[in-house]
Amino acid sequence: MSFLSVDLQDKTYPNGVCAIRDLRFEVAEGEFVAIVAPSGAGKSTLLNLLAGLDKGFHGSLSYPHDASLSFMFQEPRLLPWLTLEANIRLVLDAPHRHTDLSRFARMDLLLQQLGLQDFRHAYPNQLSGGMKRRAALVRAFVTQPSLLLMDEPFQSLDEPTAQGLRQLLLQLWAESRPTVLFVTHSLNEALLLADRILFLSPRPAHVILDYRVPLARPRPLETSALQPLQAELLQQHPELLSGIPTFYQPD
Ligand code: ADP
């Protein structure tokens, strides 16, 4: 049975822009699904609908009522006037969360695992870009989400830093196995991380290809190892490239 079921007939903004039409897919529990689409296709709109931030749509979205949700954005979104630890405690202290001691123990463990324990009292402007993303990863995982929505979380980082973060994400995912929807522009990133890739059309977004990644885990680290698969995929599905210049970002 699927964990997440998306059947969006229409999402049109008040200004008349139709961002999503007939977008349908299902995701199994614990599955890691990447969403690859051109910019402006409606990916952030989809994540906002899933997170319940926007109720103005026709169609249905369903996942278990007791699912706990985390959202990781393009920017790390740390509050600059709070220390790293205080930023993470914010999600643990939130009134709707059940706070218990084990959560704080989990925070300590994650800070250690992600190499941030010596920086817990540092402010965001004292952290590198990679460290801020690691802090955002701790914040995303510390509540043990069952559904994790990620909106291009490793964008605008140098490749080695992004690669290190992808490995950390895969480790954390393997430990607690949340269901993940990971939006990206990068086909290589999707191939490296995901069980399945949903390719979306330009706006209004709908699924043009639902692709199961035929790679065992752990995945090869070098992007060169992914190139034959990438070439084969694009050869079999040239429509993924045609007329969509921003679709494919060579890595
Ligand atoms: P993506 O995340 O794939 O880049 P978005 O979901 O942000 O795309 O946007 C999809 C389309 O909806 C774009 O054409 C964008 O301009 C439009 N859009 C996004 N948010 C709004 C809004 N609040 N009001 C009107 N149009 C919007």
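## Terms and source

A residue is called buried when its relative accessible area is under 20%, exposed when over 50%, and partly exposed in between (1.4 Å probe, protein chains only). The model is predicted; local features need pLDDT of at least 70 and side-chain atom pairs pLDDT 80 or more, while totals for chains, interfaces and linings use all residues. Residues are numbered from 1 along each chain as its sequence is written, and side-chain values use heavy atoms, with hydrogens and water left out.

## Sheet

Helices (H or I, at least four residues) and strands (E, at least two) are DSSP runs numbered from the N terminus; two strands pair if DSSP finds at least two bridges between them. An open sheet of six strands has the order β5-β6-β7-β3-β8-β9, with mixed pairing. Its edge strands, β5 (69-72) and β9, each pair on one side only. From one strand to the next the twist averages 15°; axes are lines fitted to C-alpha atoms, for helices over the stretch in contact, and angles run from 0 to 180 degrees between N-to-C directions.

Strand β3 (residues 32-36) pairs with β8 in the parallel sense over four bridges, and isoleucine 197 in β8 is the bridge partner of alanine 34. Helix α5 (residues 159-176) packs on the sheet and touches β3, β6 (147-151) and β7 (179-184); contact means heavy atoms within 4.5 Å. The direction of α5 makes about 140° with that of β3. Strands β8 (residues 196-200) and β9 (residues 207-212) run antiparallel, joined by five bridges. They form a hairpin with six residues between them.

## Helix α7

Leu229, Gln230, Leu233 and Leu234 are buried in helix α7 (residues 227-236). They lie on the same side of α7 because they cover an arc of only 130° around the axis, taken from the directions from the helix axis to the C-beta atoms. The cover over the buried residues of α7 includes α6 (187-193), β8 and β9. Pro228, Gln235 and Gln236 are exposed, on the face turned away from the buried side.

## Aromatic contacts

Rings of Phe, Tyr and Trp (its six-membered ring) pair if their centres lie within 6.5 Å; planes under 30 degrees apart count as stacked, over 60 as edge-to-face and the rest as tilted. The whole structure has four aromatic pairs. Phenylalanine 32 and phenylalanine 182 have ring centres 6.0 Å apart and planes at 40°, so this pair is tilted. Phenylalanine 32 is buried, at 0% relative accessible area.

Phe32, Phe154, Trp173 and Phe182 form one aromatic cluster.
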